[in-house]
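This report describes one protein model, from the whole chain down to a helix and a sheet.

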Amino acid sequence: MRKITASILLLGVAVWLTAQVPAGYYDSAKGKSAKELKTALHLIIREGNRLSYGSGSGKTWSGFEQSDLHPDGYVWDMYSLNKRYFPGGASVPGGMNIEHSVAKSWWGGTNNDAYKDLYHLNPSDVSANSARSNYPLGINQGSKFNNGSIKVGNNSYGTEYSGLCFEPLDEYKGDFARAYMYMFTCYENFTWSGTSAPSMLVAKETWPMLRPWAKNMLLEWHKKDPVSVKERNRMAAIFKIQHNRNPYIDYPELADFIWGASSSGGW
């Protein structure tokens, strides 16, 4: 019993240490704001490793086994309420596949670092992934799809976009907002002119890049659903693999210094 307790304690310490921001990691972003701050973060977090895409050793599903294991032992699926289990060996659980939370078609679907980046990839129920398609985030009534976890329907947030969107549970809205902000920062050099991207983004623009309705919604979700233990643990696991971090999880106030009321002052 003492050996088991000690092992659990050591594991907890290891996770805590990995979750800490490495000394000097964000130094080049200090004192900056708005466009300058976003680009400084881009230059920091674009560096690192990306696993090969798919299942098997050294690929995406081997990463999910580390980053998306629910404390109760099943796969942590933000797209459905189903409880499925990792079969081991980085194999795909039945009825699941890989979901790009930021649709790959938005940058043309090129198999690049963004295509393989665990910070926006999630294990997902196949039917939910299909229903979600390449739609942007938004608020809707679930007229096209509703499995109790995500809804698909016409967006009612703001007045700029009323097309189809997908809406996650409230408890995951901050997770998705921070994943999107990470992607639009890490890969701000993309043109982002693919299918459906213009509904949230301005092509070939690095800042503010987000259209007003999308900026307001992401900031709102970011604040209403603060960073959770789940997110910090997930980032610790991904950091060990990719060697880069999500700054909006480390320092949530960064979003406000880039897109919000603090964007006129230095971080």
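What is the accessible surface of the protein chain, and what share belongs to carbon and sulfur atoms? The surface comes to about 11800 Å², with 53% belonging to carbon and sulfur atoms (Shrake-Rupley method, 1.4 Å probe; for residues, only the protein chains shown count as cover).

The model is predicted: local features need pLDDT of at least 70, side-chain atom pairs count only at pLDDT 80 or more, and totals for chains, interfaces and linings use all residues. Residues are numbered from 1 along each chain as its sequence is written, and side-chain values use heavy atoms, leaving out hydrogens and water.

Of the 267 residues of the protein chain, 52% are buried (under 20% relative accessible area, 1.4 Å probe, protein chains only). The chain has nine helices and five strands (DSSP runs numbered from the N terminus: helices are H or I, at least four residues; strands are E, at least two).

An open sheet has three strands in the order 3-4-5, with antiparallel pairing (strands pair if DSSP finds at least two bridges between them). Strand 3 (145-146) and strand 5 (164-167) stand at the edges with a single partner strand each, so one side of each has no neighbour in the sheet. Strand 3 pairs with strand 4 (residues 151-154) over two bridges, and N146 stands opposite K151 in strand 4.

Key:
Buried < 20%, exposed > 50% of the residue type's maximum accessible area, 1.4 Å probe, protein only.
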